[in-house]
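Me: Please take a close look at one helix-helix contact here. Then carry on to whatever else is packed or paired.

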Amino acid sequence: MKVSRVYNFSAGPAVLPEEVLKEAAEEMLDYRGCGMSVMEMSHRSQMFDQIIQEAEQDLRDLMHIPDNYRVLFLQGGASQQFAMIPMNLMKNRVADYIVTGQWAKKAYQEAQKYGKANKIASSEDKTFSYIPDCSDLPISPDADYVYICENNTIYGTKYKKLPNTKGKILVSDVSSCFLSEPVDVSKYGIIYGGVQKNIGPAGMVISIIREDLITEDVLEGTPTMLTFKTHADAGSLYNTPNCYCIYMCGKVFKWLKKMGGLEVMKERNEKKAKLLYDYLDSSKLFHGTVVKEDRSLMNVPFVTGDKDLDAKFVKEAKAAGLENLKGHRTVGGMRASIYNAMPYEGVEALVAFMKKFEEENL
């Protein structure tokens, strides 16, 4: 049977490496001779224990995660962390938030239920098209942590330099830039992300937490399932985890290692992004919506300035095998998400189509 693959520019659930999908397909009915699928396997079995242990070790290798950090595979997605983080960290009932997009804004709003959440910087005044200067922020003296969303999936911005938190714990949502480039995990108290953009299927979040932040001292009324210690003590197996997602993420980690690790991925991602941004900068029809110095390597929003023309572009691009280029419903226009698994050829095909569309519609 011939398989017809499109170039999928979806922001998430997003494109996965074809090699990984083929491996998973081969193992769907019989995982390594055990006679069953990973989907059917007990999470308490020796075989699944090997899967989750290998996945964690490969992630530790890729990110050079220090020994004093725990890796948790959790359900509920990144959005559940918006509550879980203040429940576990808000000892003084105070936290500072930098709001650079919709997801940071949602996290900030959620935190207000548990204590005093201070918005210490924002780029909402210019439709989140830039990252504010974070070199000298009004950090609250009693803040339990400072929170950021490092890459803005919807608006296409990325922190190129982490905020100066003046000694306070940094918590970062890296959902849409997870494993796209090397990071220094030791700069964070918590670094976490939903996996459905750059790592695996939807339905899980990976949270990397410094051990001293995992305690029994949580806000009164915090559910057992929303306590970091519950999951850390049980090795992410307190209840039935998202077994198949862990298995798929593990395969992506091995693919990343085989490709050369995060240094190589950064080079690949910069090359892809440059191709698209260079065209946008020279185009007479299309233009990007983010200030140059804050552009994301992962999510590239762009517009023509004409809503009808934007809609025409998305429709014709889909017919040409370029899927999911419609911008987020809150901003309109177009958005190309070019995660790790998007091949360079996919961006080449997009730019070629954009050039053709420009010639036909100017």
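Reply: H3 passes H4 in a right-handed crossing (the near helix is turned clockwise from the far one by less than a right angle). The contact uses Ser 79, Phe 82, Ala 83 and Pro 86 from H3, and Trp 103, Lys 106, Ala 107, Glu 110 and Ala 111 from H4. Contact means heavy atoms within 4.5 Å. By class there are six nonpolar, one polar and two charged residues (nonpolar: Ala, Val, Leu, Ile, Met, Phe, Trp, Tyr, Cys and Pro; charged: Asp, Glu, Lys and Arg; the others, Gly among them, polar).

This is a predicted model, in which local features need pLDDT of at least 70, side-chain atom pairs count only at pLDDT 80 or more, and totals for chains, interfaces and linings use all residues. Residues are numbered from 1 along each chain as its sequence is written, and side-chain values use heavy atoms, with hydrogens and water left out.

Now the geometry. H3 spans residues 77–89 and H4 residues 102–111. Their angle is about 40°, and their axes lie 9 Å apart (lines fitted to C-alpha atoms over the stretch in contact, angles from 0 to 180 degrees between N-to-C directions).

A second pair is H2 (residues 46–63) and H6 (residues 243–259). They pack at about 40°, with axes 9 Å apart. H2 and H6 are therefore oblique. Their crossing is left-handed. On H2, the contact includes Phe 48, Ile 51 and Ile 52. The contact residues of H2 with H6 divide into 11 nonpolar, one polar and five charged.

Next, the strands. S6 (residues 170–173) is covered on both faces. Leu 170 and Ser 172 are buried on one side, Val 171 and Asp 173 on the other (under 20% relative accessible area, 1.4 Å probe, protein chains only). S5 (residues 146–149) runs parallel to S6, joined by four bridges. Val 146 has Leu 170 as its bridge partner in S6. S6 also pairs with S7 (residues 190–194), parallel, over three bridges. Ser 172 is bridged to Ile 191 in S7. Strands pair if DSSP finds at least two bridges between them.

Last, an open antiparallel sheet of three strands, ordered S9-S10-S12. S9 (287–288) and S12 (334–337) are at the edges with a single partner strand each, so one side of each lacks a neighbour in the sheet. H7 (residues 262–282) packs on this sheet, touching S9, S10 and S12. The direction of H7 makes about 20° with that of S10.

Technical notes:
Helix = DSSP H or I, 4+ residues; strand = E, 2+ residues; numbered from the N terminus. Parallel < 35°, antiparallel > 145°, perpendicular 65-115°, else oblique. Buried < 20%, exposed > 50% of the residue type's maximum accessible area, 1.4 Å probe, protein only.
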